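This briefing is meant for a reader who has not seen the structure before. Please keep the sequence and the 3D view at hand while going through the points.

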Amino acid sequence: MRRRRTRGRLPVVLVVPALLGLAFLLVPLAGLLIRAPWATVPDRLFSAEVGEALRLSLVCASLATVVCLVLGIPLAWLLARGDLPGRGFLRALVTVPLVLPPVVGGVALLLVLGRRGLIGQYLDAWFGVSLPFTTAGVVVAEAFVAMPFLVISVEGALRAADPRYEEAAATLGASRWLTFRRVTLPSVMPGVVAGAVLCWARALGEFGATITFAGNFPGETTTMPLAVYLALETEPDAAIVLSIVLLLVSVGVLAGLRDRWIGGPT
Amino acid sequence: MRRRRTRGRLPVVLVVPALLGLAFLLVPLAGLLIRAPWATVPDRLFSAEVGEALRLSLVCASLATVVCLVLGIPLAWLLARGDLPGRGFLRALVTVPLVLPPVVGGVALLLVLGRRGLIGQYLDAWFGVSLPFTTAGVVVAEAFVAMPFLVISVEGALRAADPRYEEAAATLGASRWLTFRRVTLPSVMPGVVAGAVLCWARALGEFGATITFAGNFPGETTTMPLAVYLALETEPDAAIVLSIVLLLVSVGVLAGLRDRWIGGPT
Amino acid sequence: SGVTGDVTVFAAASLTGTFTELGRRFEAAHPGVRVRLNFAGSSALAQQINQGAPVDVFASAAPANLEQVADAGGITATPAVFARNRLRIAVPKGNPGKVAGLVDFGRADAKIALCAEQVPCGAAARKVFEAAGVALRADTLEQDVKAVLTKVRLGEVDAALVYRTDVAAAGDEVEGIAFPEADQAVNDYPIAPLAKAPNAAGAQAFVDFVRSDEGRAVLAEAGFDSP
Amino acid sequence: MTVHAELRVTRDRFRLELDLNVAPGEVVALLGPNGAGKTTALRALAGLLPLSAGHIRLDDQPWDEPPKVFVPAERRPIGVVFQDYLLFGHLTALENVAFGLRARGAHRGTARALAGDWLDRVGLADHAHTKPRELSGGQAQRVALARALATGPRLLLLDEPLAALDASTRLTVRAELGRHLADFPGHTVLVTHDPLDAMVLADRLVIVEHGRAVQHGPPAEVARHPRTDYVADLVGLNLYRGTAAGTAVTLADGGVLTVAEPASGTVHVAFPPSAVSLHPEPPSGSPRNTWQVIVTDIEQHAHTTRVRLDGTPPVLADITTATLADLRVGPGDALWAALKATEIRTYPA
Amino acid sequence: MTVHAELRVTRDRFRLELDLNVAPGEVVALLGPNGAGKTTALRALAGLLPLSAGHIRLDDQPWDEPPKVFVPAERRPIGVVFQDYLLFGHLTALENVAFGLRARGAHRGTARALAGDWLDRVGLADHAHTKPRELSGGQAQRVALARALATGPRLLLLDEPLAALDASTRLTVRAELGRHLADFPGHTVLVTHDPLDAMVLADRLVIVEHGRAVQHGPPAEVARHPRTDYVADLVGLNLYRGTAAGTAVTLADGGVLTVAEPASGTVHVAFPPSAVSLHPEPPSGSPRNTWQVIVTDIEQHAHTTRVRLDGTPPVLADITTATLADLRVGPGDALWAALKATEIRTYPA
Ligand SMILES: Nc1ncnc2c1ncn2[C@@H]1O[C@H](COP(=O)(O)OP(=O)(O)OP(=O)(O)O)[C@@H](O)[C@H]1O
Ligand SMILES: Nc1ncnc2c1ncn2[C@@H]1O[C@H](COP(=O)(O)OP(=O)(O)OP(=O)(O)O)[C@@H](O)[C@H]1O
Ligand code: MOO
Ligand SMILES: [Mg+2]
Ligand SMILES: [Mg+2]
């Protein structure tokens, strides 16, 4: 059967800016694609270093996202539902790592978790744990920068959700924790997915805080953005190719996951 | 009357990670605050350059947020409600500027909107408009980097909203545009606010794309993050002070606005 | 003099302090002239220039970046080297790692930061290691000298190689240790007016000013060697 | 200017196959058990659910004709009251009602004034500036009703518009709705569980079960010839139109009934067949209404017998089988019908 | 083990001041017009709305006592059916019903099995795996009912649990609910608009208007001595408990009534006062039930007169004032009451 248009015409006032917005986001990428020295792409794609950087990027961004989900969703819930004093102020504070230039964020992390840092000195002295210059450090830096995205997205979703369903759960004897797990969380899933996507993508592209806190050592802390940045110094074209590789992989992962998460049984 | 606890106890399983998350975000800032050379703060705060950079940052981030709202909300709507083919793929593409290391984003913008760029050459030749190295260029760079945050947050909120209210509006004769303005948008306001906050904060902290696309001219394109970068070159402690100034202002603005937007009559 | 209007100078980030001062002095010497300074990494500046940025003068931290512009036809004049910089060993205040010379960089217990090879100070570091016959070893390869210096200031590493100028700028938080092989890797800072400079006269005047005695004095005070 | 609809919708395990024709000014009531497909049919008419086959036309103007034509909801001149209200939470009651008027181009002031009138009519003038969340269930439903009526639609679709109303409000709102529907030149489709709502408000009933019409026709017709016990039980109601003067109602088709509540003007009067008692001789005692009738038909239902009687007015009576045996009557026999005035409900028409 | 509640809640312009006591096993029905505060009262009992003053206690266990005690909803052993269902959209019908059981610690398998039973009881075994969005309005309400009942609460709060059900389902679900409430050792508060639901299901009525109780007491009591016309109109119903055998129902307090539908076991029988006709002599004809009665009281209402009559059983009759004049009777006079079997509704108790 032919597909009929079963909704009203899309309004021009919305479609025009939407397409402009799309163009604004996508045309620069087209610029990169046009400029890329395609002949060298296969070489680079299969070089050991690039492979390693890519793997490291994906692993660290994913771990950072997990950390953000584990800590960030409860935090969002606390901000949206807990009756805390000074909630508005706390909420504003949570956005701070967003505003901080990433390099300063890295410095802040060093001040706290570095070898001589507020907490880091004890970590080092008592447990012999030192985060800077390690892969764990990359995860910490990425999580620090990316967490606000998750928290704010999820909090927005929580505020938009109808709290009367939570009341219904309470009358069925569900504790706030069970209510959260079985009622609240499923109903804000789209917001959580949106937040996780933002978080993962931001972590994947993170540069400043990572290099400042975790340094840059191939195979341990050199993620793709770091490789791209350094390549820019000497071979700008190579940097563009690396960026495109990063983009393709991230688009592939997101397009794949989205279908799983969202197109699923819901 | 004394305040009674009228909801169940907050569950530990949520509160503990929430507080950990909060600490993770806030302790590094405490590190910065402890380390800052407080004696010099007042001097810097009232120096002409810092004032100018701050003003420029606030103006550009706000303009970029406006651009993102105007283009991004329709785009989010198109992704959430339009029956486009290949929607999942488009949605993944929209996140791309997030993943792109910002410096590469700046290069991409130069390739497209620079004086020799794909589009920029015509802008220059036909209208004599050149975006790079201007304040407008800062807004463009910030908007490019920040827009995905808005789009993804708003799209998440749109997906979580009950579409039957839109159906009700349609039966009352409302076009999709009117429905969007008067029914959909108000009901996803918390998501829009969350997105706008993310967007504004990200724009405020934007560094890589800005310095690459718009350059670093004091009074014209030197926003606070660029000033912080320059300060890092000469006086690292000053960089921390500048960052703290940026943070305080952004927390102030967000805490202030939030109350207006959210605590209001809704 | 016949210099008027704006002079737009793109200068390497490591020149932030000195060129800000030079710009101020140039404006004082040429009333009515405004020096517009754009500081960023040399390679980013080269990119911007090649994409058509309206620039009068380019001062780079390495000859390679200036050559990129020259290759693209942006510079026709012969670049002049206006300053030189040498490496120094930088250690945190009090030298907790007890580092005395380049040989200590090979110690397994010492945390070391160097510049990445892709940036000039990294290339220079490689040369001095070769000259000293020490195997190059590092815990981190940073994107620029300032990042290396940050690690030293915060005590995250026990030793690093940075430029003399950086040690000078870092004040008493960082101690510098000179070493003989530094002479093997002197880094040249070239400057040139752009072929399509909107203000050609101003461009030439600024280049001349940087290379004048007054200019050299400012550079020397920051720790640069004269060419 | 008739609505012609052949509704064919497939939804997972459920299939709707319903033909509907609604003449201008006509009110068609859909009655049926839960899950019969009444809401589904309304959604298809509203343009919220595209047909899989069949068609919907207003006169010769097609609204939905797979695989080609589909006029979206906002371009159909309709008004809908949803089963769960769907009031806009961020707008006040007044703004909710004004919404449709504004959407159809009315000026702000005009729209608000008209909306205010409508709120007044449903008895909520006091709550004009209340948000839906602060309305009680019944108040919310009345706002929804006002919102749908305010735009003066050509096809009005009502999904249980009176279900959440309390007895007294229901009477007022039903009367108001009846008045409006009587004046209303457009077409109305009404879903309801309440046979009385259906009988009083509708010109024609369509009884739906399992997605199909099991019977349809004018209320009196359906009541007189119910096809199944289910229908008989559902629509068993004597209903007349008449003119009231005090407690006397002169019926349009002959006969006078005495009622308890004085009224005036055109009214509906209704009473269940079970309220009518039959006597071999003129009865004495409290029943105010007694008149002679002739048995035309006797129908056996599960536990009762429905006797169709001719007279002024003609009437249906439900009696037990035992009574029938006692009375020993058959078609053609004469009897006296008795009916207490207090059994008769009067509704302004 | 009694629920004592002094409910004092202030909500913007609305103020609730309602005292409620519910004994174990007792069912209290709140009746009242839209916006009277019935839902507000339920929310306070459920712990979803803290009192501003007053108290709620289960026996001597305090649930809400401003300014100190407040037991949150999840720690009150309650079950609630909400006026707009509030089913969890991401769970199937079965999972919705199992939710409360799981929350109270039942194992997955046990919870699902029990939930399946409950779905079966409300006639939705077929829809166990359907999502709420795909249920019709009435189906959704039945799932909500099953969900609240499944946890075996000590205080059951029902906000119009039968409102969206069609006539036949309503009968089944009402009977099922009645059975459950009769077995139920806990306390029940029921909000309804339907006086019949209230009379059949409740042991005591509380009539609420403008946030205050205007009358309360056992249904028969309230029906016999309505304080206002509104109440008289609302609860005017003759209601008896009895044992059915075929079409004969032997009433618990004496008397036998013939009904149309055969039944067996304990039943409620109900008929409106308007169904009772009064005669100076034993009437002949269709009415199956005739018995002698003595006038004890005559009460004038707006358009009808309610006559209280003693006999076996005692009965209320509504007649018009004109009839009263014709009959020329006063307290102490003897009359014959007549009632058609088809007028009597029978409900399994
Ligand atoms: N979105 C849906 N997807 C699949 N099936 C659905 C959907 N909505 C309803 N149904 C099914 O379609 C049938 C008809 O539903 P509908 O809502 O039309 O019933 P209804 O007659 O309005 O009942 P009620 O009187 O209870 O409101 C039901 O069996 C229901 O389960
Ligand atoms: N959240 C609220 N804030 C302020 N006022 C409210 C709120 N909810 C309800 N009210 C008001 O309180 C009064 C009582 O409402 P409630 O919902 O208890 O009525 P109800 O008796 O349940 O009516 P219905 O039978 O229509 O459901 C109403 O006048 C209503 O407008
Ligand atoms: O141009 Mo640089 O910042 O000294 O490498
Ligand atoms: Mg329905
Ligand atoms: Mg209510």
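**Ligand 2**

An oxygen atom of ligand 2 has a backbone N or O atom of Glu134(D) at 2.6 Å. The model is predicted, and the predictor assigns the complex an ipTM of 0.80 and a pTM of 0.82.

- On the side of chain E, a backbone N or O atom of Gly35(E) is 2.8 Å from an oxygen atom of ligand 2.
- Arg11(E) contributes through its side chain, where an N or O atom lies 3.2 Å from a nitrogen atom of ligand 2.
- The protein buries 89% of the 640 Å² that ligand 2 exposes when taken alone.

Surroundings of ligand 2
- Ligand 2 is surrounded by 21 residues, and the closest of them are Glu134(D), Ser136(D), Gly138(D), Thr39(E) and Thr40(E).
- The site of ligand 2 is shared between chains, because the residues around it come from chains D and E.
- Helix H4 (137–150) of chain D and helix H1 (38–46) of chain E each supply at least two residues of this shell.
- Sorted by class, the shell around ligand 2 holds twelve polar, six charged and three nonpolar residues.

**Ligand 1**

Surroundings of ligand 1
- Around ligand 1 there are 21 residues, of which Thr39(D), Thr40(D), Glu134(E), Ser136(E) and Gly138(E) come nearest.
- Chains D and E both give residues to the surroundings of ligand 1, so this site is shared between chains.
- The shell around ligand 1 consists of six charged, three nonpolar and twelve polar residues.

- In chain E, a backbone N or O atom of Glu134(E) is 2.6 Å from an oxygen atom of ligand 1.
- In chain D, a backbone N or O atom of Gly37(D) is 2.9 Å from an oxygen atom of ligand 1.
- The side chain of Lys38(D) has an N or O atom 2.8 Å from an oxygen atom of ligand 1.
- On its own, ligand 1 has 640 Å² of accessible area, and the protein covers 90% of this.
- Helix H1 (38–46) of chain D and helix H4 (137–150) of chain E are the elements that give two or more residues to the shell around ligand 1.

**Ligand 3**

- Which residues are found around ligand 3? They are Ala12(C), Ala13(C), Ser14(C), Gly41(C), Ser42(C) and Ala61(C).
- Ser42(C) has a polar side-chain atom 2.4 Å from an oxygen atom of ligand 3.
- Ser14(C) has a side-chain N or O atom 2.8 Å from an oxygen atom of ligand 3.

**Chains and their contacts**

Chains A and B
- Eight pairs of chains are in contact, and among these pairs chains A and B share the most contacts.
- Chain B is superposed on chain A by a rotation of 180° with 0.0 Å of shift along its axis, at an RMSD of 0.2 Å.

Fold of chain A
- How many helices and strands does chain A have? There are 14 helices and zero strands in chain A.
- Along the principal axes, the C-alpha atoms of chain A fill a box of roughly 65 × 60 × 30 Å.

Chains without contact
- Chain C and chain D are joined by no contact, and their closest C-alpha atoms are 50 Å apart.
- Chain C and chain E are likewise joined by no contact, with their closest C-alpha atoms 49 Å apart.

**Confidence of the prediction**

Chain C
- Chain C has a mean pLDDT of 90, and 100% of its residues reach 70 or more.
- Of the elements of chain C, strand S3 (residues 57–59) of chain C has the highest mean pLDDT, 96.
- The lowest mean in chain C, 88, belongs to helix H6 (residues 164–169) of chain C.

Chain D
- Chain D has a mean pLDDT of 87, and 98% of its residues reach 70 or more.
- Confidence in chain D is highest in helix H2 (residues 93–103) of chain D, at a mean of 95.
- Helix H8 (residues 229–235) of chain D is where confidence in chain D is lowest, at a mean of 70.

How values were computed:
Residues numbered from 1 in each chain as written. Chains lettered and ligands numbered in written order. Predicted model: local features only at pLDDT ≥ 70, side-chain atom pairs only at ≥ 80, totals over all residues. Heavy atoms only, no water. Near = heavy atom within 4 Å. Polar contact = N/O pair within 3.5 Å; in protein donor to acceptor, adjacent residues only side chain to side chain. Areas by Shrake-Rupley, 256 points an atom, 1.4 Å probe, with all protein chains shown as cover. Helix = DSSP H or I, 4+ residues; strand = E, 2+ residues; numbered from the N terminus. Nonpolar A, V, L, I, M, F, W, Y, C, P; charged D, E, K, R; others polar. Contact = heavy atoms within 4.5 Å. Least-squares fit on C-alpha atoms with pLDDT ≥ 70 in both. pLDDT = per-residue confidence, 0-100.
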